[in-house]
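Please look through the model below with these notes beside you. They are written as numbered points, so that each can be checked in turn.

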Amino acid sequence: FAEMAKGHLIQPWPVAGEIGAEARGGIIAGDGIYVTDIEGRRLIDGPAGMWCTNVGHGCEPIARTLYEQAMTLSYNSPWYTASEPSVRLSKRLAAHAPGDLDHVFYTTGGSSAVETALRFMQFSNNVFGRPTKKRIVARQGGYHGSTYLSASLNGRPRDHDWMDSAGDLVVKLSCPNPFRRPAGQSVEAFCDMLVEEFSTTIETLGAETIGAFVAEPIMASGGVIVPPPGYLTRMRELCRENDILFIADEVVTAFGRLGNIFASKEVFGIEPDLITFAKGVTSGYFPLGGAMISAALLARLRQSNHADAMFAHGLTYSSHPIGCAVAETNLDLLEGGLLAHARDIAPYFQAQLKTLEDLPLVGEVRGLGLMACVECVADRESNNPLALDLEVGKRIDAHCQQLGLLVRPLIHMCVMSPPLTISRPQIDDLVSILRQGIALTQD
Ligand code: PMP
């Protein structure tokens with residue numbers, strides 16, 4: 001294993017020396033908020049894997065469920081029959097979801113969840129006799145997946161350089177990042193500008209050409225961008241007025257990251273037409289995702305009397321019984337105290353990380369719940385990241401790894417989103433190591 005790790009064969013990219021060659025090699029074990037590498041170093045799992053190990057590593061109740069469900073029913077075809085765990089899970093998800101989102105199309109992860117939502121948008125517009133209402137509005141800075149269409153919604157700098165596949169099917173609005181708003185503009189005026197941009201886009205392109213607006217309530221991989229107050233409700237309103245589906249991509253924000261099962265309603269006061277989820281639904285123990293769909297929308301489809309008013313869509317491993325059973329146990333843990341803990345500890349997490357703003361390299365620390373981002377700048381006057389060595393995130397990560405912390409580096413930013421089980425002393429350790437890592441990087 002050590003040899004393989006050295007040659008980076010464990011990376012998903014096969015060519016050593018190219019992407020991923022410098023990535024960390026050889027994580028061999030995990031327990032709670034920690035992982036252990038091949039050299040025996042114990043590291044805090046700062047990004048919770050990829051925003052997913054919400055209940056932490058080595059969780060016994062989940063491990064037991066994996067075994068028991070495998071022994072009870074290891075597979076069921078989503079096309080022909082429903083398994084008990086998938087039906088029970090759907091009921092529980094519907095009880096948590098906002099508004100009338102009480103149907104679930106299960107998938108195998110986040111990209112396929114987004115893809116499902118978009119395919120559903122096109123399907124419903126075909127049934128409603130308006131097949132050209134198909135454009136998708138996304139935002140700069142967003143991240144929605146790695147499949148062809150979901151990836152073409154992505155708007156981080158390194159995404160659209162090489163992947164602009166969908167042409168004018170996808171329209172991108174500005175990133176709602178208050179930290180990067182035009183100099184001298186108030187946050188309120190910035191918000192007005194963003195909403196106006198959407199409104200003008202609808203007018204220019206015509207509502208009859210736009211099928212969906214896709215948005216992460218908080219942009220995660222774009223750098224934990226918390227939008228200005230009121231932004232999401234106003235965008236939601238514009239969607240309603242123009243019969244555009246509002247798809248909330250909650251792949252990161254759901255399942256406790258912001259203290260609730262779903263964040264759209266509880267945190268941001270919006271009721272989307274669809275919600276996509278993945279990651280935390282099984283805390284990373286099994287690949288599962290899904291799209292929650294509005295009952296009213298489905299009822300309208302059924303009433304259309306269209307011969308094809310059935311959404312014939314499903315993947316071989318959609319609603320996998322093991323994944324659904326794991327998700328149920330995961331929900332038990334969240335409902336049984338972990339959500340309350342995440343809500344309780346989040347202000348401390350944010351406040352401790354915020355203290356890092358006294359470091360010269362740090363331009364802003366921002367976040368909500370148990371997701372946060374440290375954004376580095378070349379100088380605090382201009383907040384300019386461009387003059388920085390854009391490998392700065394990776395260098396902070398490298399220092400932190402030596403000291404016992406995994407960081408998710410994003411160009412000149414570092415993301416922190418630990419397992420929700422983290423305690424106050426563990427937050428102190430995390431922040432103290434991150435402080436040392438940043439200090440070593442700026443020296
Ligand atoms: N949407 C969001 C908001 C995500 O953060 C991600 C993954 N980082 C995805 C979709 C894609 O999920 P997956 O990698 O499971 O396909």
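1. The crossing of α12 and α14 is right-handed, where right-handed means that the near helix is turned clockwise from the far one by less than a right angle, and left-handed that it is turned anticlockwise. The axes of α12 and α14 (residues 424-442) come within 10 Å and cross at roughly 20°, so α12 is roughly parallel to α14 (under 35 degrees counts as roughly parallel, over 145 as roughly antiparallel, 65 to 115 as roughly perpendicular and the rest as oblique). Axes here are lines fitted to C-alpha atoms, for helices over the stretch in contact, with angles from 0 to 180 degrees between N-to-C directions.

2. On the α12 side this contact is made by I345, Y348, F349, Q352 and L353, and on the α14 side by R424, I427, D428 and V431; two residues are in contact if their C-beta atoms, placed from the backbone, lie within 7 Å. These residues divide into six nonpolar, one polar and two charged (Ala, Val, Leu, Ile, Met, Phe, Trp, Tyr, Cys and Pro count as nonpolar, Asp, Glu, Lys and Arg as charged, and the others, Gly among them, as polar).

3. Please keep in mind that this is a predicted model, in which local features need pLDDT of at least 70 and side-chain atom pairs count only at pLDDT 80 or more, while totals for chains, interfaces and linings use all residues. Residues are numbered from 1 along each chain as its sequence is written.

4. Helix α12 (residues 321-354) also packs with helix α3 (residues 60-72), at an angle of about 150° and with the axes 9 Å apart, which means that α3 is roughly antiparallel to α12. The residues of this contact include P61, I62 and L66 of α3 and I322, V326 and L333 of α12, and the contact as a whole divides into nine nonpolar, four polar and no charged residues.

5. P47 lies in the loop between β3 (42-45) and α2 (48-51). Is P47 buried or exposed? P47 is buried, because 22 other C-beta atoms lie within 10 Å (20 or more count as buried, 12 or fewer as exposed, and in between as partly exposed, with C-beta atoms placed from the backbone). Leaving out residues up to four places away in sequence, P47 touches L406, R408, V415 and S417.

6. For the chain as a whole, there are 14 helices and 15 strands (DSSP runs numbered from the N terminus: H or I of at least four residues for helices, E of at least two for strands). Buried residues make up 49% of the 443 residues.
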